[in-house]
Amino acid sequence: MSLLEITDLRAGYGRIEVLHGITLRVEPHALCAIVGANGAGKTTLLLAISRLLDARAGTIRFDGRDVTRAPSHAIVRAGLSHVPEGRRILPAMSVEENLLVAAALRKDLDARTEITALYDRFPILDTRRRLAAGSLSGGEQQMLAIARALVVRPKLLVLDEPSMGLAPKLVAQIFDIVASERARGTSILLVEQNARKALALADYAYVMERGTIALEGTGADLAGRPEIAAAYLGDGDRSRLG
Amino acid sequence: MLAQQLANGLFLGAVYALFAIGYTLVFGVLDILNLAHAAIFMATAFAAIALVGAGLPLALAIAIAVVFAGLLGIALDRVAFAPLRARNAGTLVPLISSIGVAIAIGGVARGLFGPGEHRFPSGTLGPLGEGRIHLGALAFSGLDIVILGVALALMGTLAYVMRATSLGRAIRAVAEDRVAAALLGLDLERTIALTFFIASALGGAAGILIGLQYDSVSLEMGSRIELKGLAIVILGGMGSITGAVIGAFILGAVEVLSVAYITSSYRDAVAFGVMFAILVLRPSGLLGKRALRTA
């Protein structure tokens, strides 16, 4: 059984429909990537999955339950942690408070133990723990956003453009974190502008185009297709990497 | 003389602070002005009088009335704000609907208690009402001390809750970024309801304390403090709890001093004049909105 199962999902803003019937699955313990140009509807899809946007039609099943109409906090409680586009750390609160806010969800876990374990994995956050999160660099903020999602030990980690706006060295670091989290058995749904890196890491991937799924296949399969190479992996043409 | 006046300003400021915190909490979390806050302030004072009248001891009556105020705040949110929030109605429409609730609460209070000044039954205060406590050249009534103590204890509790508890962190997270808070699994509606409970309970407590201080509770007591409360939160910086407390003590001190050294008829004119002058120097208030979030 798939961990996340989306069937014919339609959603949008106001009168504009952005998602025109999306069907996709994320298998347990696998990394699933979604690539596609800017405006293809990738972020909208993730917002609909996290229930920050209503589905107009179709169903979303997570971990065996229909969550199409569930409130957003129930989705998180069910084990889906979403690191949104732009990170959305809480800038005026300290690094540690950001983690504590997230950790409060899991009353069955000891927040202190979980946060200490994350500090071991992300030592830079440990050294910054008392600082306002807004004072961190972009890469540190992204690390905090990911740590904040992991502190509740999610079944599915959803990442929206985690490498956006980061220097190449930091991008590599973020991808290392994603790979190590997958190695720990967490399922991952990764939306990424860096299609080459995303496909290299993905067990399975979807290509979105104008609110529909245009192509799907294993990461290696898609990375090898000439039309993908031309549209999304082209070197030196930033506008088409989106 | 000056010390005595400043001490009196402290008592007044503490109660103003309790009241004004209610505006700033709700504004910090929802970006809306809750114009039913003063009505809850008034209704809670009446509730306390009714409970004391029914024979309850004062402390118990205050406790029950304050919980009543908090529940009234939750009801206010469900009626006036939640339906509009679900429709993304912006900030102006909720302002109007909160005025509607204020009118409704005022109507019910008028029907139940009638116009005019109402007093706590004689003997309510017990030994607190008698004699004065001398501290060097300063003299206070026992009631003054109790009012100041209750107000400071409530503010201290609030500061602790906001800083060191998961509820306080949740409120600050929702104030800072509602989308981020939802993605972290916070139940927004529950957090907002608890914010209204706290804001209204503090406002209600202020109503009771003012009622005891002046030994007078009336339908108009809400409108008398409403503008002062709003001026305080603007002075302190919208959304800032610390700013509201500082603003309240400034207003309390200026009011008391202007009565003592100028004349009581200019009390409000002087108080608002000083606030105006401060706002000219610091247009966004003493502390910005961020202060609620860092608490």
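This is a predicted model: local features need pLDDT of at least 70, side-chain atom pairs count only at pLDDT 80 or more; totals for chains, interfaces and linings use all residues.
Residues are numbered from 1 along each chain, chains are lettered from A, and side-chain values use heavy atoms, with hydrogens and water left out.

**Chain A by itself**
- Chain A has 10 helices and 10 strands, read as DSSP runs (helices are H or I, at least four residues; strands are E, at least two).
- Buried residues make up 53% of chain A, where buried means under 20% relative accessible area with a 1.4 Å probe, protein chains only.

**Where chain A meets chain B**
- 20 residues of chain A are in contact with 18 residues of chain B (heavy atoms within 4.5 Å).
- About 1,800 Å² is buried between the two chains, 66% of it from carbon and sulfur atoms; this is the accessible area (1.4 Å probe) lost on being put together, summed over both.

**Salt bridges across the interface**
- The rule finds 2 salt bridges between chain A and chain B (a side-chain nitrogen of Lys or Arg within 4 Å of a carboxyl oxygen of Asp or Glu).
- A:Arg88 pairs with B:Asp177 in a salt bridge, with the closest N and O atoms 2.9 Å apart.
- On chain A's side, helix 2 (72–78) and helix 3 (95–103) each supply at least two of the residues touching chain B.

Key
Buried means under 20% relative accessible area, exposed over 50%, partly exposed in between (1.4 Å probe, protein chains only).
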